[in-house]
Amino acid sequence: MMRRTASPRLGVVLVNYKRADDSIECLESLLRSTIPLRVVVVDNESGDGSLDAIAAWTAGDRPPTAASAAMARHTTPAIAKPQAFARLSAAEAGATDPGALLTLIDAGSNSGFAAGNNIGLRHLLRDPQIDHVWLLNNDTIVEPAAAAALLARLDATDNVGMCGTVVRYYWQPDRVQALNGHVFNLANGTSRGIGTGQLARQPFNPGQVAAQTDFVLGASLAVSRRFVERIGPMDEGYFLYFEEIDWAARNAGEFAIAFAQGAVVYHKEGGSIGSSGVAGERSAMSEYWLTRSRLRFVRLHHPLLLPLHWGVTLVATMLRLVRRQPRKAAAIIRAMLGIAY
């Protein structure tokens, strides 16, 4: 177990579910960061030996493998091993801070993405040196300067609460998935990514991007300690999706939303359950949780719009039937009626 030789001010949380190789590739890229970090990997009861695989990577017994040869420069040659770490249960993480720069936490159950992130948040914020926490999807990799650029923007923004980055597609690294986050359409519960699909070299105005952001993309979302202590952690009532939208709604403008335009992250998008930014390509499970979380968000924050969203949901069901996607239609109906998937 490695004790701190520096005092990182930025912590990182990765939530793993049956994607150990993705987590290892992400960790390899994080280890190249130009500033010290404290990193927590929370495993949501993968049941496939994910934490053992990551532990083997720390020992040098499981070399990282880039999913795309074009992206291998971010993870090869491999960082020197062994890399020391602490391994804890969720209960131990909530009760003790062993001071490790890398901590692997067994959540003991799969209570959802928000719950996994909250375990990591609670563990990192036990360290009084941590001012901000970066929630990263485990199917991302980062540029070496990304963490430093993110921390610099967080430090430079008065009353900062949330901050995003440039997120590009891992499989199309010259294309933008989102600049910072999304613009949200309350009428139908959908959102559009800012800058989605544009060339990475295309210029943009960082101030305008930050002003347009209704919520920061959850694949790369940093929050300040003050924000978490005042607004609270992620709402664990959302198993998947809408956690970051709910956070933004609860913030209600109290804390600033910033944009670290110098921080670049590459995202594979949707590996665990088949989520996708394209409606026709989403899995039935993704359709279920997206519908259920949208309806929960509306019920909590805009209850007068709930009848409208029931109508939106029925239209979505009919569209899936017209497309001959009965499993997806059934998943949406189950979500609308509150029936378990």
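The mean pLDDT of the protein is 94, and 95% of its residues reach 70 or more; pLDDT is the predictor's confidence in each residue, from 0 to 100. The model is predicted: local features need pLDDT of at least 70, side-chain atom pairs count only at pLDDT 80 or more, and totals for chains, interfaces and linings use all residues. Residues are numbered from 1 along each chain as its sequence is written, and side-chain values use heavy atoms, with hydrogens and water left out.

**Stop 1: residues 271-277.** Colour by pLDDT and select residues 271-277, where the value stays under 50. For this segment the model has 21 contacts (heavy atoms within 4.5 Å) beyond four places in sequence. Where pLDDT is low, the predicted coordinates should not be read in detail.

**Stop 2: Asn16.** Next select Asn16, in strand β1 (residues 10-16); strands (E, at least two residues) and helices (H or I, at least four) are DSSP runs, numbered from the N terminus. Is Asn16 buried or exposed? Asn16 has a relative accessible area of 0% and is therefore buried, the classes being buried under 20%, exposed over 50% and partly exposed in between (1.4 Å probe, protein chains only).

Display the side chain of Asn16 together with that of Asp43: a polar contact of 2.7 Å joins them. A polar contact is a pair of N or O atoms within 3.5 Å; within protein, one must be able to donate a hydrogen and the other to accept it, and residues adjacent in sequence count only if both atoms are side-chain atoms. A polar atom of the Asn16 side chain also lies 3.5 Å from the backbone nitrogen of Arg19. Beyond four places in sequence, the residues touching Asn16 include Ser23, Val41, Ser50 and Asn138.

**Stop 3: strand β12.** Move to β12 (residues 220-224), in which five of five residues are buried. In a regular strand the side chains alternate between the two faces of the sheet. Here Ser220, Ala222 and Ser224 point one way, and Leu221 and Val223 the other.

**Stop 4: Leu305.** Finally, select Leu305, in the loop between α9 (284-301) and α10 (306-322). Leu305 counts as partly exposed because its relative accessibility is 27%. Leaving aside neighbours within four places in sequence, Leu305 is in contact with Leu186 and Val298.
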